[in-house]
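Dear colleague,

Please find the structure below, followed by a short account of what was found in it.

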Amino acid sequence: MAMEHFDTLIVGAGLSGIGAGVRMSENCPTKSYAILDGRERIGGTWDLFRYPGIRSDSDMYTLGFPFRPWNNRKAIAPGSMILNYIKDTAREFGIEQKVRFNHWVKRASWSSKEAQWTVEAEVGPNQDIVRYTCNFLYMCSGYYRYESGYMPDFPGRDHFQGRLIHPQQWPEDLDYSGKRVVVIGSGATAVTLVPALAEKAAHVTMLQRSPTYVIGLPDWDPITEALRLSLPGRIASGINRFKNVWLAMFFFQISRRWPNLVRKALRFHMQRELGDACDVDVHFNPKYNPWEERVCIAANGDLFKAIRSRRASIATDHIDTFTETGIRLKSGQTLEADIVISATGLDLIPLGGVEFAVDGQRWEPGKSMTYKGMMFRDVPNLAQATGYTNASWTLKCDLTSQYVCRLINYMDKHGYQYCAPHTNDPTIPELPFVDFSSGYIQRAIDKFPKQGSKAPWKLYQNYARDILSLRYGAVKDEAMVFTAAAAATQPSMSSSTP
């Protein structure tokens with residue numbers, strides 16, 4: 001039986017995949033496409049994670065889609081609202097019918113001779129194999145393993161008589177009312193979980209090896225709300241988006257240029273929020289500078305409020321061993337617990353863990369280098385949607401989707417069948433994909449493609465610069481090699497540039 005063919009296949013039906021579908025429909029209306037997703041529902045991360053208090057860690061005016069304004073007072077939104085927003089967007093723009101659920105993409109193989117990808121997916125509970133072909137493959141599958149999160153091999157964990165849970169697999173039947181809870185971790189998940197659990201639990205302890213910077217911000221602001229109520233949706237959303245993007249960029253830049261000044265300001269903020277309820281210099285004074293790891297947001301200062309109320313506390317220490325009734329720390333202190341939640345991060349994997357081959361040769365992302373943060377050296381017609389580490393995920397993903405559409409239209413207009421970035425400059429050193437020191441990133445950094453030291457191989461983490469490059473910059477440059485139909489039987493890297 002002949003394999004079904006599409007001009008473009010999009011992998012992933014989360015925030016970035018649905019956004020990619022809308023951009024394809026708008027900008028490449030004559031091109032056929034489908035979205036393959038391994039799960040049963042739209043939403044990706046926002047459907048997968050169900051732990052108490054889950055919310056955005058960026059404002060929704062920048063995390064939301066520019067083509068569908070976020071029209072709600074809450075800028076820091078609960079996960080359920082974000083999930084409904086994604087579903088409503090898919091329905092409004094007719095993207096639902098493009099999604100094929102229960103399709104776990106496992107393998108993708110490129111043929112220069114045929115100028116197409118063959119994509120293999122496992123379908124349904126029986127994992128039946130189905131294959132599709134496409135001219136362009138766009139990976140919107142995120143950066144972590146959906147099946148399970150990262151769970152350290154805690155010493156003595158088998159002795160613990162309570163429940164040990166990772167937030168990525170939150171049990172629907174978990175009743176933590178009146179229970180003693182320990183949350184291991186100090187990142188965004190822990191900062192969200194602790195105050196939410198403290199509303200019902202007897203007590204919640206956040207156990208961290210090292211502190212994190214936390215800012216208490218309201219989940220709405222009067223300027224944003226005034227603009228939202230007084231101006232048409234797209235205009236208000238555009239202004240708020242612009243305002244929030246530039247505020248975030250400003251904070252990031254001053255953190256990198258004057259880290260000591262920002263560190264002092266953050267310490268003053270946290271001391272004012274916590275008073276004498278917590279020793280800020282012990283529990284909120286990281287060894288690293290601001291924005292060497294992500295700065296966490298406590299919406300409406302809820303983490304600080306939980307600590308001030310004594311319903312939650314923080315322990316900064318290392319685990320010696322689990323016991324039957326809790327956790328013994330290196331200091332000798334014991335944390336009694338009925339439930340332990342390991343908010344220890346994600347298990348990062350590049351490109352959804354798909355196995356790739358190019359012209360019969362296995363391709364490993366960790367041995368490659370990224371072009372404009374979205375394509376890969378010497379790999380034809382493959383792009384990925386990734387977001388920023390210092391700003392909202394969707395900002396970069398949407399620019400990437402627009403660029404992919406521009407690239408497809410350019411090839412169509414000039415009679416090219418495929419393109420691949422290529423460099424003949426051996427002097428470009430390879431650098432890590434991101435320069436964050438977070439543990440969950442460092443554990444997997446070697447699996448991910450490298451970046452170069454200069455454009456177009458460098459990942460700048462700069463939205464303004466990316467607007468110029470991806471939305472308005474020329475598709476044709478010295479690094480991109482295009483192959484016309486007449487040359488499609490030749491290996492892609494031996495073809496000529498336009």
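Helix axes are lines fitted to C-alpha atoms over the stretch in contact, and angles run from 0 to 180 degrees between N-to-C directions. Helices themselves are DSSP runs (H or I, at least four residues), as are strands (E, at least two), numbered from the N terminus. This is a predicted model, in which local features need pLDDT of at least 70 and side-chain atom pairs count only at pLDDT 80 or more, while totals for chains, interfaces and linings use all residues. Residues are numbered from 1 along each chain as its sequence is written, and side-chain values use heavy atoms, with hydrogens and water left out.

Helix α7 (residues 233-257) packs against helix α8 (residues 259-274) at an angle of about 115°, the axes being 5 Å apart.

The whole structure holds 28 salt bridges, each a side-chain nitrogen of Lys or Arg within 4 Å of a carboxyl oxygen of Asp or Glu. One of them joins Lys74 and Asp219 at 2.7 Å, N to O. Lys74 lies in the loop between α3 (60-63) and α4 (79-92) and Asp219 in the loop between β10 (214-217) and α6 (222-230), so this pair ties together parts 145 residues apart in sequence. Asp219 is buried, at 8% relative accessibility, whereas Lys74 is partly exposed, at 31%; buried means under 20% relative accessible area, exposed over 50%, and partly exposed in between (1.4 Å probe, protein chains only).

Yours sincerely
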